[in-house]
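Reader: I've got a model open and I'd like to learn to read its contacts. Can you walk me through them?

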Amino acid sequence: MENKKLLDLLMKSFDEELSPDERKQLEKVLSESDELRSEKKKLLKLREVFSSQEYRFKPFFESRVMNRIHKLRNGKIIEFDFAKNLFFVFKRVAISGIAAILILLISIYISEGSFSLDAFTGVESFSDDNLISYLLSDF
Amino acid sequence: MKDYSSLNDLELIGEARKGNERAFAALITRYEQQVAKTVLGMLGNTPEADDIGQETFVRFYQSLHNFRGDSGLGTYLTRIAINLSLNELKRRKRSLSLFFSANILEAKEFDQPDPENVEDSRDTKEIVQKALQSLEPKFRPVVVLRLLDQYSTKETAEILDLPTGTVLSRLARAQTKLKSILDKLIQ
């Protein structure tokens, strides 16, 4: 248990400033214990092994990143163009639709003289009886 | 032709913001190795690691205008790289769990390098890499940032958004495990 505590203290000494008491305690034990000195050596070696590691991506990493950025930017431009074109087409369709509706309304008004429901449906001459016999005529 | 390697990070970022691609490429060259250390340390030498490395710089490019320079560019990139790597580890775990039961998954995830191979292999890098990959995902970033990238404990805690005490305890546990795995190497 005591050993574990001392080992923790040793590890802590690599990563944090020890209090004066802790430092004194660690120095004392290190001067007396071969085991702890050996642990310290191992920990130093472990850190040395890790800090000396060199890592690199495969060659032409920079070009791969720049290609990806170009693709991303071109993709955005295409996306933007598509949205712009869609809006343009939609605008044309909407204007044509509104024009067609206006022409229809004008022609109804000219021919029927009003905008009543009957004028739109063209069934003002039907009475209820007529309508029933008209609907059932095929049967 | 302008020598971009003589410009500091903020000057290069300024140029890159104006659309100067050569300035951004100079930043990639400057920080490639640091990002490689973080990503390869976290994920091992896999095809995904290269992809995550690229994505780190792409994300930085996309947020060029938001970079305020509160922390150094190296720290900023490391933070992106760590987060992307952690996401990749989660993705790997999810896709593995579709095929393996929980027990097999645990065994696979925390597979330790074979001591025989450790003894025979002359490639220290490979041994260290294997040892790193044998650590549980929550211990790995602490080791990568503190031991590979050489960040201070405080910086490591800030990057991982963890209390310093947690960083220290994870580091101690990870080192105990690494010491036992790499025993022959550190004798």
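Author: Let's go from the fold of one chain to the contacts. Keep in mind that this is a predicted model.

Reader: Start with chain A, then: how many helices and strands does chain A have?

Author: Chain A has 6 helices and 0 strands. Read from the N terminus, the elements of chain A go α-α-α-α-α-α.

Reader: And what percentage of chain A counts as buried?

Author: Burial here is about neighbours: a residue is buried if 20 or more other C-beta atoms lie within 10 Å of its own. In chain A, 6% of the 139 residues count as buried.

Reader: On to the partner. How many residues of chain A are in contact with chain B?

Author: On the chain A side there are 26 residues, and they meet 32 residues of chain B. At least two residues each of that chain A side come from α1 (2–15), α3 (34–51) and α4 (61–112) of chain A.

Reader: How is chain B divided?

Author: Into domain 1 (1–100) and domain 2 (110–187). In the contact between them, domain 1 of chain B puts in 13 residues and domain 2 of chain B puts in 12 residues.

Reader: Which helices supply the domain 1 side of chain B?

Author: Look at α2 (21–43) and α4 (73–97) of chain B, each supplying at least two residues of the domain 1 side that touches domain 2. The largest share of that side, 6 residues, belongs to α4(B). By class, the domain 1 side holds 4 nonpolar, 7 polar and 2 charged residues.

Conventions. Residues numbered from 1 in each chain as written. Chains lettered and ligands numbered in written order. Predicted model: local features only at pLDDT ≥ 70, side-chain atom pairs only at ≥ 80, totals over all residues. Contact = placed C-beta atoms within 7 Å. Helix = DSSP H or I, 4+ residues; strand = E, 2+ residues; numbered from the N terminus. Domains from an automatic or database assignment. Nonpolar A, V, L, I, M, F, W, Y, C, P; charged D, E, K, R; others polar. Buried ≥ 20, exposed ≤ 12 C-beta atoms within 10 Å, placed from the backbone.
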